[in-house]
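Here is a briefing on one protein model.

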Amino acid sequence: MNWRLWFKDILAFLGLVWVARWVLYIVLDVVAALRKFVWARLSNDNLAIKYGGKWAVVTGCTDGIGKEYARQLAQRGMNILLIARNISKLNDVSQLIKEESPGVETGIIQVDFSHGRDVYPKIAAHLTDKDVGILVNNVGVSLYPPKKFMDASEEDIWNHVNINVASVVAMTRLVLAKMVARGRGAIINIASVASSCPGPYLGIYSASKVFVDFFSESLSVECGRTGITVQTIRPSYISTNMTNFSHYTSNTNWLVPSATTFVSSALPTLGHAGRTTGFWPHGIQAFLMDAVFPHWFNFVWTDLWHKFLLKDSKKQQ
Ligand SMILES: NC(=O)c1ccc[n+]([C@@H]2O[C@H](COP(=O)([O-])OP(=O)(O)OC[C@H]3O[C@@H](n4cnc5c(N)ncnc54)[C@H](OP(=O)(O)O)[C@@H]3O)[C@@H](O)[C@H]2O)c1
């Protein structure tokens, strides 16, 4: 037996398997992207019928992504229950929705999620007479700007726990039982691409988003046969108040969309994608981080990038 030839054949075969695996991976990803971002936009489902309730609840709805979900869900005919902490901003968003989407009802719940467990009885009381079809767990905070854990305040730490983590599970608990009884409903959890890799200088933020990502995916499996859709959205940078500490993360461009552009891409994916970035350029970024680059590379790059943002934000102050 010619061992050299035999060895060469094995290497050639392994190479072929490796290339085939990547081709298949990329083709499947492109097909999934077309389904999420092209096909999904063509279907214009009646959300209230599809998810069995006329009301959509949106947390953190007075600015940024939450405000856009509230506006665009109203434009799709849903009544909107607005939850945030600033009453005058809540009234403004409610007014805007009524002007933009005549016939749509709105409700307001003023709560500050940083107060933790105490706020949920009030929210529960508002929900008793509402048929909630969709919950958007959007409220979130970040370190502003990125900073070392040592420089974060005690308030920063508890805000991440109460707002980014606890609100997601507590709000889900308030609506899920009724959805399951009805056999229909949707829960959209806003995580972040930050859950792909530990983020030095945004450590508590990226860790809080891993929680949202894992919880949301686990729940989607548990709810598999109940008729409930649980969607995990993992965006990268979107131009909002959260990112306006540096012009690199707040000036809109093809990679950093406005909240309006982002939500008009992400909302149609509901019911068509379980776990998605919601925006195709962010999908490429997530694909590179999750499937192409090794963990150490993402880690080093994220560290350098956050250090750079920290310096840049200081220049802008
Ligand atoms: N922007 C991004 O690049 C990005 C990327 C990935 C994921 N995300 C996630 O997307 C979600 C929304 O982010 P965003 O960029 O839209 O943020 P944003 O512009 O800062 O808006 C946050 C919203 O939450 C409200 N809020 C903040 N703290 C609250 C509290 N303690 N109680 C009640 N409401 C509170 C804010 O109300 P006020 O107006 O009163 O402050 C505002 O309506 C977050 O979960 C975030 O982690 C954002």
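Ile190 stands opposite Ile233 in β6. The chain reaches β6 from β5 through helix α7 (residues 203–222), and this β-α-β crossover is right-handed. Right-handed here means that, with the strands pointing away from the viewer, the path from the first strand over the helix to the second runs clockwise. The model is predicted: local features need pLDDT of at least 70, side-chain atom pairs count only at pLDDT 80 or more, and totals for chains, interfaces and linings use all residues. Residues are numbered from 1 along each chain as its sequence is written, and side-chain values use heavy atoms, with hydrogens and water left out.

**Sheet layout**

- Helices (H or I, at least four residues) and strands (E, at least two) are DSSP runs, numbered from the N terminus.
- Two strands pair if DSSP finds at least two bridges between them.
- The open sheet has 7 strands in the order β3-β2-β1-β4-β5-β6-β7, with parallel pairing.
- β3 (106–110) and β7 (275–276) are the edge strands; each has a single partner, so one side of each has no neighbour in the sheet.
- Helix α5 (residues 120–127) packs on the sheet and touches β1 (55–59), β2 (79–84), β3 and β4 (132–137). Contact means heavy atoms within 4.5 Å.
- The direction of α5 makes about 165° with that of β3. Axes are lines fitted to C-alpha atoms, for helices over the stretch in contact, and angles run from 0 to 180 degrees between N-to-C directions.

**Strand β5 and its neighbours**

- β4 and β5 run parallel and are joined by 4 bridges. Leu135 stands opposite Ile187 in β5.
- A right-handed β-α-β unit is made by β4, helix α6 (residues 154–182) and β5.
- On the other pairing, β5 (residues 185–190) and β6 (residues 228–233) are parallel over 6 bridges.
- Ile188 stands opposite Gln231 in β6. Asn189 stands opposite Thr232 in β6.
- β6 also pairs with β7, in the parallel sense, over 2 bridges. Here Thr232 stands opposite Arg275 in β7.

**Burial in the sheet**

- Buried means under 20% relative accessible area, exposed over 50%, and partly exposed in between (1.4 Å probe, protein chains only).
- In β5, 6 of the 6 residues are buried, so the strand is largely enclosed by the rest of the structure.
- Both faces of β5 are covered. Gly185, Ile187 and Asn189 are buried on one side; Ala186, Ile188 and Ile190 are buried on the other.
- β6 is mostly covered, with 5 of its 6 residues buried.

**Aromatic pairs**

- The structure holds 13 aromatic pairs. Rings of Phe, Tyr and Trp (its six-membered ring) pair if their centres lie within 6.5 Å; planes under 30 degrees apart count as stacked, over 60 as edge-to-face and the rest as tilted.
- One of them joins Trp22 and Tyr25, edge-to-face, at 5.6 Å centre to centre with 80° between the planes.
- Trp22 and Tyr25 are 3 residues apart in helix α1 (residues 3–42), so about one helical turn separates them.
- Trp22 is buried at 17% relative accessibility, while Tyr25 is partly exposed at 37%.
- Trp296 and Phe297 also form an edge-to-face pair, at 6.0 Å centre to centre and 80° between the planes.
- Trp296 is exposed at 58%, and Phe297 is partly exposed at 32%.
- Ring pairs link Tyr237, Tyr248, Trp301, Trp305 and Phe308 into a cluster.

**Charges over rings**

- A charge sits over a ring if NZ of Lys or CZ of Arg is within 6 Å of the ring centre and within 35 degrees of the ring normal.
- Arg21 lies over the face of Trp22, 5.3 Å from the ring centre.
- Lys130 places its charged end over the ring of Trp55, 5.0 Å from the centre.

**Two single residues**

- His306 lies in helix α11 (residues 295–316). His306 is buried, with a relative accessible area of 6%.
- Leaving out residues up to four places away in sequence, His306 touches Pro146, Gly199, Pro200, Tyr201, Leu202 and Tyr237.
- Ala181 lies in helix α6 and is exposed, with a relative accessible area of 71%.
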